[in-house]
Amino acid sequence: MAGWGLVFMAAPTTSLHMGSMTARPASAIVQKTTTQRSNWASMRAANSDLVTEDNISAPVRGRAAAAAMVGEAVLTLSPILLGLAGLWAIFHKFIRTSATPELAFAFAATSTAPPSEKAWSIEMPSVFAAEAKTGSAAVAEVAVEAPAARPPAPRAAALDAWVPEMADNGKDYGVISKQHILTVGVSVHATPVEIRERLAVPKEEWPLAIGELVEHPNIQEAAVLSTCNRMEVYAVAPCDVNGVRDVVNWMTAHSGVSFEELRPYLFLKKDGAAVDHILQVSAGLDSLIVGEGQILSQVKSVHQIGSEAKGFGQYLAAMFNQAITAGKRVRAETNIATGAVSVSSAAAELAQLKLPTRKWDGVNVAIIGAGKMSKLLVKHLVSKDCLNMTIVNRSLPRAQELQEEFPEANIKVELSDMMMEVVASSDVVFVASSSTEVLIHASDVANMPVPPTLVGGVRRFFDISVPRNTDRELNTLETARVFNVDDLKEVVEMNKESRAQAANEALELLKEEKATFEGWMASLQAVPTIKQLRGKAESIRLTELEKAKAKLGDQVTAKQLKVLEDLSRGIMNKMLHAPMQALRSEGDVQTHVHTINVLSRVFGLSEEDETPRVGK
């Protein structure tokens, strides 16, 4: 019975199977065994008068003795076997529940059973099976389901016939590195928000976008920078024209905006102009609000996300790294960030300008969203003495963090299901959520109470989300007015002159950063030339040294041979010093490339020269 106890200790809620036989509960077995023994005792007592030793033959007595011995053996060995089975079940359970997956797998791999027999197994209760299905298995299914990159769409005939005109600042990187750097995009300066929001790519989809872009035949590397003010694609391509066509082809396929609709708003830059652009973007010179700092963190995100994505290669990695360095340097060495405002602060300032009283006293404010832009909104609103506001968010923790960070303000927090009630009780509503859908429709606002005369009877919405989260039809209502990021230009013009001098100083710094990047690019082409020049010189040295050894014969000592070796190597190094310095120069890129080409022709260099050879 101890054996059965061990078995059921190992699997108290399971059924044990061996073939088609099902083990019975221990209590049933004990009861049956007791009953059988009492029956046997009764039979013996009843037959004791009939059966005697004298009337049983010798063969019968022999068979009875053998049967008795077998029975005793079975009774003796069965507890031992059951105990071993119980220990096996406990050990098997321990392996399944406590060991690592690798150990369990190794254990399973080493245990073998005859193919014709069924091994012992434990059926887990259905509740465990359901738990496993909804637990790790479900997680595995979610992990497998990842959006697949779409293959390149066929080019439209108009796009294939298009010859793009690109600004290049007079520098052709194809001469330097056999590759062109391209920038194709739209920005707040010339593109309406209706187009920008259709082209927008959420940050979590940037790796997928990069993967889709490099699937095009003319794109070697790619990166995406998509913010509320811009959507830009950076690419490296051996052919600039076809590279631009492929990028535009992807943009139209991704957004659903036709080529004819998109073309008037596109800006195209290549090589030097493309590098100038990303440096200026990172420094805040191309922002709607000059000097704003949020764009630098967004450029950092491009580099961080790109470094983990297929298709973000060495050229773009180096360029974005240089842009990050340039952005930090401009903010550290100029006054461009002094008094600079962000999109959030510009929205707060514009909202105050639109209030009849130009003050926040008595005005109820709502903020939809609790991200970085909302945090900046709260900061600037508090600085303007706007202390009565309600933050609406999908979850409480982030909104509550703003409550704790600005204790001087009367900040209330509500979940998204209370959004319409909060809007109805607010006079100014800032929308800064990450939603890709419209959250506030005209039909929702039409039936809301009319705002007080303090705010002119108009409920003002300031939507700084891209894509927009407010219905454009709100402007058709008499009691509502919507402002989006394009309307912030009114505030921008007020701050532009104060930062003009700092912007000029920043441009001078960016020229130095650009020269550093172009020097690095040129050095990539100089490396094979340096290897070829040194390899060829080493081949000549070794060949002439072998000739000298042959002429001197066996009379030359080891010390003399060492002198010859040092002499030949010293002459070679001194002759190569000036050419090597010229190849490593970080001066003008065009001059550097010209030097590389001249040295290649003068010394007759080829790829074979990289490996030194004797007798060449």
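**Close-up views of a predicted model**

**View 1. Ser465 sits in the loop between β12 (459–463) and β13 (480–484).** One is the backbone oxygen of Val431, which the side chain of Ser465 reaches at 3.2 Å. The other is the side chain of Asn469, in a polar contact at 3.1 Å. Leaving aside residues up to four places away in sequence, Ser465 touches Val431, Ala432 and Ser433.

**View 2. Asn364 lies in the loop between α16 (343–354) and β8 (365–368).** Here the relative accessible area is 30%, so Asn364 is partly exposed, falling between the 20% and 50% cut-offs. Sequence and space tell separate stories for Asn364 and Asp427: they are 63 residues apart along the chain, yet their C-alpha atoms are 5.3 Å apart. Asp427 is also among the residues that Asn364 touches, along with Asn388, Ser425, Ser426 and Val428, once residues up to four places away in sequence are set aside. Zoom in on Ser425 and you'll find its backbone oxygen 3.5 Å from a polar atom of the Asn364 side chain.

**View 3. Four strands form an open sheet in the order β5-β6-β4-β7, with antiparallel pairing.** At the edges stand β5 (221–226) and β7 (267–270); each has a single partner strand, so one side of each is left without a neighbour in the sheet. From one strand to the next, the twist averages 15°. Further in, eight bridges join β4 (residues 180–187) to β6 (residues 230–237), and these two run antiparallel.

**View 4. The structure holds one cavity of 30 Å³ or more.** The volume of this largest cavity is about 70 Å³. Which residues line the largest cavity? Thr227, Cys228, Asn229 and Arg230 do, together with Ser287, Glu292, Gln294, Ile295, Gln298 and Val343. Helix α14 (residues 294–306) provides the largest share of that lining, with three residues.

Methods
Residues are numbered from 1 along each chain as its sequence is written. This is a predicted model: local features need pLDDT of at least 70, side-chain atom pairs count only at pLDDT 80 or more; totals for chains, interfaces and linings use all residues. Side-chain values use heavy atoms; hydrogens and water are left out. Two strands pair if DSSP finds at least two bridges between them. Axes are lines fitted to C-alpha atoms, for helices over the stretch in contact, and angles run from 0 to 180 degrees between N-to-C directions. Buried means under 20% relative accessible area, exposed over 50%, partly exposed in between (1.4 Å probe, protein chains only). Contact means heavy atoms within 4.5 Å. A polar contact is a pair of N or O atoms within 3.5 Å; within protein, one must be able to donate a hydrogen and the other to accept it, and residues adjacent in sequence count only if both atoms are side-chain atoms. On a 1 Å grid over the protein atoms alone, a cavity is a set of points where a 1.4 Å probe fits but cannot get out, and a pocket is an open set with protein on both sides within 12 Å along at least five of seven lines; lining residues have an atom within 4 Å of a point. Grid points are joined across faces, edges and corners, and a volume is the space filled by probe spheres set on the points.
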